[in-house]
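I'd like to walk you through one model, so please have a look at the screen.

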Amino acid sequence: MNRIVTGQRKDGGSQVAMRSVPPRTDVFKHIPGMVSRLVWATPAAPTLPFDGADPTADVTSLVPAPGETRLLVVTFPPDSVFAAAHFNGQAAFEENLAISPGLAERFEPDGMHETPTVDYGILLDGELWLELDDAVQTHLKPFDIVVQNGTRHAWRNKSDRPATVAFVLIGARQAAE
């Protein structure tokens, strides 16, 4: 996967300012087949033109504050990985805390979680099932798009091959009660 970032030359013309793999690409050791890639991040009020600094290096939480964004591409292994006899749930949890700060802490033991974000999820490859409360599941196929509005959910991969999703997370505020 290549990340191409555009910017402006000193004369105002456009250019490719960066070209690389996402620098925060993590291949999990304790969850075989799981890959997390933090591709980009923006503050609540991004400025233009792009200053040339990679914003992913300073991200301390994958869950953006209100108005901030994160672009993540995640590859999920089949659920059978989690059911394997040799799977070490504690080691996987600790690894996830290190790789996914701000997000991993929100996971329940069964994978359900919620974030104060509006997320756009685009299934790029494979199949996934979006699980909501009461075990309601929706089967997703490539190019299906989920708009996740801060609800409790989990991602299930009931297939026998990995599934890759691009997520844009937009930090949101809770409505006044």
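First, some housekeeping. This is a predicted model, where local features need pLDDT of at least 70, side-chain atom pairs count only at pLDDT 80 or more, and totals for chains, interfaces and linings use all residues. Residues are numbered from 1 along each chain as its sequence is written, and side-chain values use heavy atoms, with hydrogens and water left out.

Let's start with the sheet. Helices (H or I, at least four residues) and strands (E, at least two) are DSSP runs, numbered from the N terminus. Six strands make an open sheet in the order β3-β4-β5-β11-β6-β9, and the pairing is antiparallel. Two strands count as paired if DSSP finds at least two bridges between them. Which strands stand at the edges? They are β3 and β9, each with a single partner strand, so one side of each has no neighbour in the sheet. From one strand to the next, the twist averages 15 degrees; here axes are lines fitted to C-alpha atoms, for helices over the stretch in contact, and angles run from 0 to 180 degrees between N-to-C directions. As a reminder, strands of a sheet pair through backbone hydrogen bonds, either parallel or antiparallel. If you zoom in on β6, residues 117-125, you can find five bridges joining it to β9, with the two running antiparallel. G121 stands opposite V146 in β9.

Now to helix α2, residues 89-99. Which of its residues are buried? They are A91, A92, E95, N96 and I99, where buried means under 20% relative accessible area, exposed over 50%, and partly exposed in between, using a 1.4 Å probe and protein chains only. Looking down the axis of α2, these buried residues fall within an arc of 135 degrees, so they line one face of the helix. That arc is taken from the directions from the helix axis to the C-beta atoms. What covers the buried residues of α2 includes β3 (24-27) and β4 (35-42), with contact meaning heavy atoms within 4.5 Å. At the start of α2, a side-chain oxygen of N88 reaches to within 3.2 Å of the backbone nitrogen of Q90.

On to charges. How many salt bridges does the structure hold? Seven, each being a side-chain nitrogen of Lys or Arg within 4 Å of a carboxyl oxygen of Asp or Glu.

One of them pairs R3 with D54, with the closest N and O atoms 2.8 Å apart. This pair links distant parts of the chain, since R3 sits in strand β1 (residues 3-8) and D54 in the loop between β4 and β5 (69-76), 51 residues apart. R3 is buried at 4% relative accessibility, while D54 is partly exposed at 22%. R3 also touches M18, R19, S20 and W40, among others.

Another salt bridge joins D133 and R152, with the closest N and O atoms 2.5 Å apart. D133 is in the loop between β7 (128-131) and β8 (137-140), and R152 is in the loop between β9 (145-149) and β10 (154-156), 19 residues apart. D133 is partly exposed at 39%, and R152 is partly exposed at 26%. Salt bridges that share partners join E108, D133 and R152 into one network.

Finally, some backbone details to look for on screen. The peptide bond from L48 to P49 is cis, with omega near 5 degrees, and P49 is in the loop between β4 and β5. D134 has a positive phi of about 60 degrees although it is not a glycine; D134 lies in the loop between β7 and β8 and is exposed at 76% relative accessibility. F143, also not a glycine, has a positive phi of about 75 degrees. F143 is found in the loop between β8 and β9, and its relative accessible area of 63% counts as exposed.

How values were computed: A polar contact is a pair of N or O atoms within 3.5 Å; within protein, one must be able to donate a hydrogen and the other to accept it, and residues adjacent in sequence count only if both atoms are side-chain atoms. Lists of a residue's contacts leave out its neighbours within four places in sequence.
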